[in-house]
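Visitor: I would like to learn how to read a structure such as this one, feature by feature. Could you take me through it slowly?

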Amino acid sequence: MNGFYQGLAQQLAGLIEDEQDFIANCANCSALLMAELDHINWAGFYFARDGELVLGPFQGMPACTRIPWGEGVCGTAAQLADCIIVPDVHEFPGHIACDARSRSELVIPLIWQGEVLGVLGLDSPEVDRFGEEDHPGYPTLCRGRFVVNGDTYYPFEEPTSLNTLELLPKLQA
């Protein structure tokens with residue numbers, strides 16, 4: 001992992017270390033990502049609720065409040081329980097355009113004990129913003145102590161990076 005992501009992870013750890021509230025920690029995480037990552041126009045969370053993803057803390061333009069499981073980039077990443085990097089959202093079948101300026105997208109599922117709890121999404125107005133060279137740093141963004149109902153957990157299990165071409169056969173299966 002490069003030094004940038006290591007530093008970002010340390011900043012995030014400092015922000016959430018003493019805070020017990022899950023929503024507050026997610027809000028600070030999305031604010032930090034929006035402030036520190038270049039060429040990002042949206043950073044935020046969606047949480048799994050009754051077969052769909054529901055909007056959580058985010059930074060950026062107003063977003064879709066609910067996304068059906070398996071639809072769009074966020075719903076697909078949740079359904080597959082895998083990280084998705086989309087170099088050009090216009091090439092992704094069923095892309096949900098919450099912000100017309102977004103051109104590329106990265107979605108990291110938040111997984112705990114084999115269950116997808118939600119996703120962290122990042123959008124960029126640039127095509128191909130999220131490269132494979134950055135992939136080792138992305139999981140670090142989701143590693144952190146989160147507390148829900150008094151239980152401490154680390155909501156991340158290592159996914160493998162997918163791009164649109166690798167994803168299409170899985171969607172059609």
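Visitor: Which residues of α2 are buried?

Guide: A residue is called buried when its relative accessible area is under 20%, exposed when over 50%, and partly exposed in between, using a 1.4 Å probe and protein chains only. Helices (H or I, at least four residues) and strands (E, at least two) are DSSP runs, numbered from the N terminus. In α2 the buried residues are F22, N25, C26, C29, S30, L32 and L33. Viewed down the axis of α2, these buried residues fall within an arc of 160°, so they line one face of the helix; the arc is that of the directions from the helix axis to the C-beta atoms.

Visitor: Before we go on, what sort of model is this?

Guide: This is a predicted model, in which local features need pLDDT of at least 70 and side-chain atom pairs count only at pLDDT 80 or more, while totals for chains, interfaces and linings use all residues. Residues are numbered from 1 along each chain as its sequence is written, and side-chain values use heavy atoms, with hydrogens and water left out.

Visitor: How many residues does α2 have, and how far does it reach?

Guide: The expected span of a helix is 1.5 Å times one less than its number of residues. Helix α2 has 15 residues and reaches 21 Å from its first C-alpha to its last, close to the 21 Å expected. For α1 (residues 3-16), the 14 residues should span 20 Å, and the end C-alpha atoms are 20 Å apart, which agrees.

Visitor: Which residues of α1 are buried, and which are exposed?

Guide: In α1, Y5, L8, A9, L12 and I16 are buried. Seen down the axis of α1, the buried residues fall within an arc of 100°, so they line one face of the helix. On the other side of α1, the exposed residues are G3, Q10 and G14.

Visitor: Which residues have the most contacts inside the largest nonpolar core?

Guide: A nonpolar core is a set of buried Ala, Val, Leu, Ile, Met, Phe, Trp, Tyr and Cys residues joined through side-chain atoms within 4.5 Å. The largest one here has 22 residues, and those with the most contacts inside it are L8, L33, L37, F45, L106, L122 and F130. Two or more residues are given to this core by each of α1, α2 (22-36), β1 (42-49), β5 (104-112) and β6 (115-124), and α2 gives the most, with five residues. Taking L37 as an example, and leaving aside its neighbours within four places in sequence, L37 is in contact (heavy atoms within 4.5 Å) with F4, Y5, L8, L122 and R129. A second, separate core of 17 residues includes Y46, A77, V89 and I111.

Visitor: How many aromatic pairs does the structure hold?

Guide: Rings of Phe, Tyr and Trp (its six-membered ring) pair if their centres lie within 6.5 Å; planes under 30 degrees apart count as stacked, over 60 as edge-to-face and the rest as tilted. The structure holds three aromatic pairs. The rings of W42 and Y46 have their centres 6.0 Å apart and their planes at 25°, so this pair is stacked. F45 and F47 form another stacked pair, 6.1 Å centre to centre with 15° between the planes. Ring pairs also link W42, Y46 and F58 into a cluster. As for burial, W42 has 6% relative accessibility and counts as buried, Y46 is buried at 3%, F45 is buried at 2%, and F47 is buried at 5%.

Visitor: Where is T76 placed, and which backbone oxygen does its side chain reach?

Guide: A polar contact is a pair of N or O atoms within 3.5 Å; within protein, one must be able to donate a hydrogen and the other to accept it, and residues adjacent in sequence count only if both atoms are side-chain atoms. T76 is in helix α3 (residues 72-80), is buried with a relative accessible area of 2%, and its side chain reaches the backbone oxygen of G70 at 3.4 Å.

Visitor: With which residues is A78 in contact, leaving aside its neighbours within four places in sequence?

Guide: A78, also in helix α3, is in contact with L53, W69, V116 and V119 when those neighbours are left aside. A78 is buried, with a relative accessible area of 1%.
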